[in-house]
Amino acid sequence: YFFKDLIVKNILFGGIFHETNCFSEEKTRFEDFDILKKDEIFNLKGDYSQVSGFLDFASSNDLNIIPTINYTATPSGIVDDKVLDVFWNDFISILNNNNKQIDAIYLSLHGAMVTETCFDVEGEILKRIKKIKSLKNIPIFGVFDLHANFSKSMALNSNGLVCYQKNPHTDAYKIAYRAAKIMYDSLNK
């Protein structure tokens, strides 16, 4: 039992965060997203965001983070399909170049992203992850925004997604930290 606690867990991290306003005529383009890849994600540590909450928990509990990508944009109109396509290609490319065992996946999500042809981006991403043979049985945890459109696909293809509880979202960091702890506890049972 003692040695079980010494085994470092590898957590695959990714994020996509956009609150889509379907009534806006303004389209959200690829260029509107701030994109961080791999180790650039660690630059968010200390900014009190949901990503920072996860990073702080992981750091204080000796979790090894395998960073993939993190896309964020301010709330605006329907998102160009290109964003989901490029996000997914980036995610898969980094995943395929990973040579470490993955113990869990942690996602930073919004939950209300809509593209031109996909009305449930987060549910679609979770479903795609579960279709990858090597990830099929890997638990997925994360956090989503209070304004999310929580879908059946999000529920069926994750093990634990935790929602903000306050508006304004003064608890994003705290909720992300809590979601990371739930993930950690489930891995160490």
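Two strands are counted as paired if DSSP finds at least two bridges between them. In this predicted model, strand β2 (residues 34-37) and strand β3 (residues 64-72) meet that condition, being joined by four bridges and running antiparallel. Within this pairing, K37 has I69 of β3 as its bridge partner. Strand β3 is also joined to strand β1 (residues 10-17), here by seven bridges and in a parallel arrangement. Strand β3 is mostly covered, with seven of its nine residues buried. In a regular strand, the side chains alternate between the two faces of the sheet.

Burial was also examined in helix α4, which spans residues 121-131. The buried residues of this helix are V121, E122, G123, I125, L126, I129 and K130. These buried residues pack against strands β1, β4 (104-109), β5 (140-144) and β6 (160-163), and against helices α3 (81-96) and α5 (152-156). Strand β1 therefore takes part in two sets of contacts, as it is bridged to β3 and is among the elements packed against by the buried residues of α4, where contact means heavy atoms within 4.5 Å.

The largest pocket holds about 180 Å³ of space. Its lining consists of F17, L44, D47, S49, Q50, V51, N70, T72, S108, Y164 and A172. Helix α2 (50-60) and strand β3 each supply at least two residues of this lining. By residue class, the lining of the largest pocket comprises five nonpolar, five polar and one charged residue.

How values were computed:
Residues are numbered from 1 along each chain as its sequence is written. This is a predicted model: local features need pLDDT of at least 70, side-chain atom pairs count only at pLDDT 80 or more; totals for chains, interfaces and linings use all residues. Side-chain values use heavy atoms; hydrogens and water are left out. Buried means under 20% relative accessible area, exposed over 50%, partly exposed in between (1.4 Å probe, protein chains only). On a 1 Å grid over the protein atoms alone, a cavity is a set of points where a 1.4 Å probe fits but cannot get out, and a pocket is an open set with protein on both sides within 12 Å along at least five of seven lines; lining residues have an atom within 4 Å of a point. Grid points are joined across faces, edges and corners, and a volume is the space filled by probe spheres set on the points. Ala, Val, Leu, Ile, Met, Phe, Trp, Tyr, Cys and Pro count as nonpolar, Asp, Glu, Lys and Arg as charged, and the others, Gly among them, as polar.
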